[in-house]
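User: I'm new to reading structures. Could you walk me through this one, step by step?

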Amino acid sequence: MPELPEVETVVLILDEQIKGHQLLDHSVYWDKTIVNHQELLALHGQKVMRVSRRGKYILWQMETSNIVIHLRMEGKFYKLEKNAARNKHSHVIFHFDDFDLAFNDTRKFGRIEVSHDLDHYFSHKLGFEPWDEHLTKEYLRDKAKSRKVHLKTFLLDQSVIAGIGNIYADEICFKLKLSPFTRVHHIPLYKWEECIESTRQVLAEAIASGGTTVRSYTASLGITGRFQLQIHVYGRANQPCHTCNTALIKSVVGQRSTVYCPKCQKRI
DNA sequence: AAACGGTCCTGTAAGC
DNA sequence: TGCTTACAGGACCGTT
Ligand SMILES: [Zn+2]
């Protein structure tokens with residue numbers, strides 16, 4: 001599923017493909033995909049000024065407002081010839097001046113919403129971006145000291161750091177050499193510095209390779225031939241640890257499947 | 001305030 | 001073989 005690196009890749013491609021183009025209108029085939037229909041209708045005729053990202057959200061800056069898109073599990077965009085046949089999983093089709101752009105989402109979890117005030121929209125949802133200079137070890141320590149949750153749950157909390165999902169949460173715990181079950185209020189200050197470094201390294205590596213799972217999102221937008229990212233733990237239950245050869249363990253943290261090395265990753 | 005559990009969805013795979 | 005059931009999960013919301 002798309003996490004920050006995948007969304008970043010989609011954003012770069014979308015910016016190249018739709019910036020400067022005029023949104024004529026759109027068709028809706030699954031109502032709940034669109035949060036506020038009237039506001040979206042009001043943007044017909046406007047050009048896309050810029051496509052950007054905040055956390056896992058895709059932002060289309062229009063002339064008078066913003067279209068905010070979350071892909072959730074399986075949302076993806078396909079660029080189509082005008083009036084091409086609709087795929088049964090295309091729930092919204094944006095009709096641009098000289099092409100169509102389909103929002104395809106088998107699980108129907110993705111959401112498209114218009115927001116006039118992004119700062120307000122994200123203020124309670126999202127914490128700092130991974131590369132924000134305000135993301136410091138003191139910030140993480142302070143956020144964690146009143147929390148009893150496991151490290152993995154903390155990393156998945158978008159109001160702490162924005163953009164980490166299930167795949168990279170496991171990878172970050174592995175790089176940090178901490179068990180995903182570590183209680184965050186037990187983690188010392190110096191380890192939070194390492195956490196920031198690990199997070200940035202894991203995400204940067206993933207962005208550099210175009211996102212782990214991004215191939216399916218972008219094939220139709222003209223990107224092919226990307227190599228899969230080297231994944232150390234996610235989806236590798238029972239396989240040998242890349243560091244010590246111990247069999248990796250599959251477990252559940254916060255109702256999410258979790259894989260870790262019982263030897264390399266200790267609880268504090 | 002923080003934690004928890006249910007909800008939304010459907011394709012895939014396992015099980016009888 | 002064909003049917004049923006379990007499972008995957010990001011964000012959100014009501015309850016504890
Ligand atoms: Zn190991």
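Predicted model: local features only at pLDDT ≥ 70, side-chain atom pairs only at ≥ 80, totals over all residues.

User: What share of the atoms of DNA strand B within 4 Å of the protein belongs to sugar or phosphate?

Analyst: Let's look at who is there to begin with. DNA strand B is surrounded by residues including Trp30, Lys32, His89, Phe109 and Gln255. Among the atoms of DNA strand B within 4 Å of the protein, some belong to bases, but the sugar or phosphate share is 64%.

User: Which residue has a polar side-chain atom 2.3 Å from a phosphate oxygen of DNA strand B?

Analyst: There are a few contacts to sort through. Arg107 has a side-chain N or O atom 3.0 Å from a base oxygen of DNA strand B, so that one involves a base. Val149 does reach a phosphate oxygen, at 3.2 Å, but with a polar backbone atom. The side chain at 2.3 Å from a phosphate oxygen belongs to Arg147.

User: And DNA strand C: which residue has a polar side-chain atom 2.6 Å from a base nitrogen?

Analyst: Around DNA strand C there are 14 residues, and Arg72, Arg107, Lys125, Asn166 and Ser257 come nearest. The side chain 2.6 Å from a base nitrogen is that of Arg72.

User: Is Asn83 buried or exposed, and at what relative accessibility?

Analyst: Asn83 sits in the loop between strand 5 and strand 6. Its phi is positive, near 65°, in a residue other than glycine. Exposed means over 50% relative accessible area. Asn83 therefore counts as exposed, at 71%.

User: What about Asn238: buried or exposed, and with what relative accessible area?

Analyst: Asn238 is another residue other than glycine with a positive phi, near 75°. You'll find Asn238 in the loop between helix 8 and strand 9. Asn238 is exposed, with a relative accessible area of 66%.

User: Which arrangement do the donors around the zinc ion form?

Analyst: The zinc ion is held by the SG atoms of Cys241, Cys244, Cys261 and Cys264, at 2.2 to 2.4 Å. For four tetrahedral donors, the ideal angle is 109.5 degrees. The four donor atoms here subtend angles of 102 to 114°, which makes the arrangement tetrahedral.

User: How far apart in sequence are the parts that Cys241 and Cys264 tie together?

Analyst: The donor residues are spaced C-x2-C-x16-C-x2-C. Cys241 is in the loop between helix 8 and strand 9, while Cys264 is in the segment after strand 10, so the parts this pair ties together are apart by 23 residues.

User: Last one: what is the relative accessible area of Cys264?

Analyst: Cys241 counts as buried, at 2% relative accessibility. Cys264 is buried too, with a relative accessible area of 15%.

Terms used: Residues numbered from 1 in each chain as written. Chains lettered and ligands numbered in written order. Heavy atoms only, no water. Near = heavy atom within 4 Å. Polar contact = N/O pair within 3.5 Å; in protein donor to acceptor, adjacent residues only side chain to side chain. Helix = DSSP H or I, 4+ residues; strand = E, 2+ residues; numbered from the N terminus. Buried < 20%, exposed > 50% of the residue type's maximum accessible area, 1.4 Å probe, protein only. Donors = N, O, S within 2.8 Å, 3.2 Å for Na, K, Ca; no water. Tetrahedral: all angles 85-135°; square planar, octahedral: opposite > 155°, others 65-115°.
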